[in-house]
2 protein chains.
Amino acid sequence: MGVTIKDIAKETGFSVATVSRVLSNKVGFFSQETAAIVNAAALKLGYKKNMAATELVTQKSSIIAVIINSTKTNFSDPIIEGIQQKANEADKRVIILYAGDHDFRSQQRALTTALERPLMGILLLSVDLFADNLQLLKTANVPFRFISISFQDPDLKYVASDDWQIGYLATKYLLKKGHRKIGLAGVDIESSAHTGKLRLAGYQRALIENNITPQKDWIQTGNYSYKAGLNAMKNYGQQKNVSAIITGSDLVGIGLLNQAAKMNISIPNDLSLITIDGTYLCRIVQPQLTSITQNFYSMGYLGAEYLISNQRQNAFTDIQISERGSVRKLTAADSEN
Amino acid sequence: MGVTIKDIAKETGFSVATVSRVLSNKVGFFSQETAAIVNAAALKLGYKKNMAATELVTQKSSIIAVIINSTKTNFSDPIIEGIQQKANEADKRVIILYAGDHDFRSQQRALTTALERPLMGILLLSVDLFADNLQLLKTANVPFRFISISFQDPDLKYVASDDWQIGYLATKYLLKKGHRKIGLAGVDIESSAHTGKLRLAGYQRALIENNITPQKDWIQTGNYSYKAGLNAMKNYGQQKNVSAIITGSDLVGIGLLNQAAKMNISIPNDLSLITIDGTYLCRIVQPQLTSITQNFYSMGYLGAEYLISNQRQNAFTDIQISERGSVRKLTAADSEN
DNA sequence: CTGAAAGCGCTTACAG
DNA sequence: CTGAAAGCGCTTACAG
């Protein structure tokens with residue numbers, strides 16, 4: 001439909017081979033004068049390279065496909081920014097595909113759309129693949145890597161936070177603030193990704209190191225959603241057996257916060273809250289939420305880098321505590337509680 | 001690199017032509033027995049069609065490229081869901097490209113990435129293109145359509161809400177609640193998209209119809225961001241010359257809400273607030289925000305439909321008022337204010 | 001420095 | 001119903 005190198009060849013009198021060399025800048029294979037003529041013609045005719053043809057003949061692609069849940073993982077933006085940044089530096093292109101909200105067919109469609117064309121590689125942002133889809137991916141012979149979730153399966157490479165450390169650190173922080181009855185809410189410990197299990201383990205370890213035996217009702221699992229936060233708070237109930245809670249995501253934290261408000265439980269006066277993620281959402285609610293902040297941008301950047309350079313190992317990105325005022329320091333006077 | 005139809009031809013003894021016909025399901029051109037053999041072989045060998053080759057030869061594509069700002073336009077998710085839904089129904093594929101945060105180079109990169117391969121068409125989600133990039137798009141000879149913003153330029157087709165109506169309706173609503181000093185905050189009236197100007201015009205019209213002359217300081221423009229909300233509230237100031245404000249986006253509304261809290265102005269007791277958009281963000285803040293709710297899903301669905309069916313006209317999607325408690329009804333007693 | 005030719009993986013008239 | 005052949009837009013040894 002559009003202008004092709006053949007048109008430019010005709011226009012300039014050069015062969016398509018020469019035109020191709022100029023346009024794909026094979027330095028050393030053409031003179032400056034030729035280049036000037038060809039480029040001028042290309043500009044004049046409004047030439048746009050058909051990368052599909054290039055990819056077909058070169059058998060490689062500069063496209064990185066990013067697969068992402070359509071559900072609200074509000075941290076995907078900084079991850080994608082990181083990916084874009086690295087991709088730009090390496091002269092790669094990024095396309096994004098929505099894999100639905102944990103829906104088999106949508107996942108499959110996204111995967112197929114990606115795999116049906118030449119690709120540099122695939123990055124999956126916290127997409128918990130169904131077994132068959134994972135199989136599809138594994139057999140596709142295209143490099144891939146997960147971002148923000150981790151797995152036991154040694155075939156599945158990832159860049160993520162150290163989720164054990166997240167659980168451990170959050171708990172230690174609350175302990176240091178004088179809390180001893182500490183809850184964990186909204187993490188998924190059923191998923192094939194072991195993110196939730198790791199956080200739980202880190203949490204348990206920190207408690208045990210401090211001679212605290214985690215109570216059954218301190219832990220309210222969930223799927224990292226806003227609703228999981230609401231439900232968790234309902235389950236803790238008015239009498240709540242905890243003085244502080246670690247929430248599995250910012251949305252869980254906000255859900256919990258709002259449900260607490262509905263139950264006339266004030267944060268941080270009656271209940272402390274530290275959330276995992278630390279996205280902008282923490283700053284737009286009242287009170288702002290203290291968080292274990294993940295470095296999502298870095299996750300994306302590193303994920304792209306490892307994919308591009310064909311690294312085989314996993315990587316962790318840094319985490320930090322961002323204090324914003326949803327955690328109260330317990331004093332001796334509180335101990336009667 | 002992968003398995004090709006040539007491999008299947010070799011495996012089955014059929015010609016590549018026949019294999020191609022079976023695999024692309026050209027009914028009437030093959031027998032059921034042949035199909036069974038070919039399909040079995042394809043499955044066995046793990047064949048995956050190379051769509052780049054197909055697109056090259058057929059000169060058409062089933063790919064819809066969606067271009068989107070990386071900045072937090074939190075309503076893009078439902079739009080994309082709508083697009084996906086329609087695309088699935090029409091057996092099209094969707095890829096998404098990030099165009100940065102109003103950055104010329106990023107826009108250009110996204111556009112080029114899209115235009116450098118066969119494409120069914122392009123959908124742009126509230127991307128305010130720089131002039132040169134718009135030119136690039138216009139000359140590309142690929143159908144395109146904007147979603148959620150509208151233009152005067154008759155070359156630029158769109159599916160959006162009726163923004164004049166939004167401004168008008170929001171104002172009428174507040175008038176009905178007894179407000180007469182009504183502000184408008186965080187809308188962009190400089191942009192090449194005339195969304196902001198339309199909202200302003202609708203707002204002004206509603207006031208004038210009620211014999212109210214809009215005061216200069218009732219209007220605080222901005223770029224629809226959280227920060228624009230903070231700034232707007234600072235500008236209204238402690239003495240605030242308005243009793244109710246219409247905010248240009250949910251983020252503006254939340255910014256304004258939080259800044260008001262900081263200034264000890266209580267919403268809705270001291271100040272009423274109605275926001276434009278009505279995304280989930282309205283429901284996770286306290287108080288929840290009353291909104292003019294846009295039908296983003298429908299925007300996406302219709303945008304894709306119009307693109308696919310090559311419609312030429314523009315379209316508006318429906319809007320509605322969602323009352324959530326950030327607007328107070330003024331009584332006679334308030335009138336002394 | 002340049003061109004003729006083969007070929008990437010597919011589709012589709014054309015002929016049988 | 002099937003196959004041989006041409007061709008989509010590009011790249012790249014090979015020969016000059």
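Helices (H or I, at least four residues) and strands (E, at least two) are DSSP runs, numbered from the N terminus. This is a predicted model, where local features need pLDDT of at least 70, side-chain atom pairs count only at pLDDT 80 or more, and totals for chains, interfaces and linings use all residues. Residues are numbered from 1 along each chain as its sequence is written, chains are lettered from A and ligands numbered from 1 in the order in which they are written, and side-chain values use heavy atoms, with hydrogens and water left out.

**Stop one: DNA strand D.** Select helix 4 of chain A. With 5 residues, this helix gives the most to the surface near DNA strand D (near: a residue heavy atom within 4 Å of the strand). Now show the 31 residues around DNA strand D; S20(A), R21(A), Y47(A), R21(B) and T34(B) come nearest.

Next, select T18(B). One of its polar side-chain atoms sits 2.7 Å from a phosphate oxygen of DNA strand D. Move to V57(B). Here a polar backbone atom is 3.4 Å from a base oxygen of DNA strand D.

**Stop two: DNA strand C.** Select helix 4 of chain B, which gives the most to the surface near DNA strand C, with 5 residues.

Pick K49(B). A polar side-chain atom of K49(B) lies 3.0 Å from a phosphate oxygen of DNA strand C. Then pick N50(B), where a backbone N or O atom is 3.1 Å from a phosphate oxygen of DNA strand C.

Methods:
A polar contact is a pair of N or O atoms within 3.5 Å; within protein, one must be able to donate a hydrogen and the other to accept it, and residues adjacent in sequence count only if both atoms are side-chain atoms.
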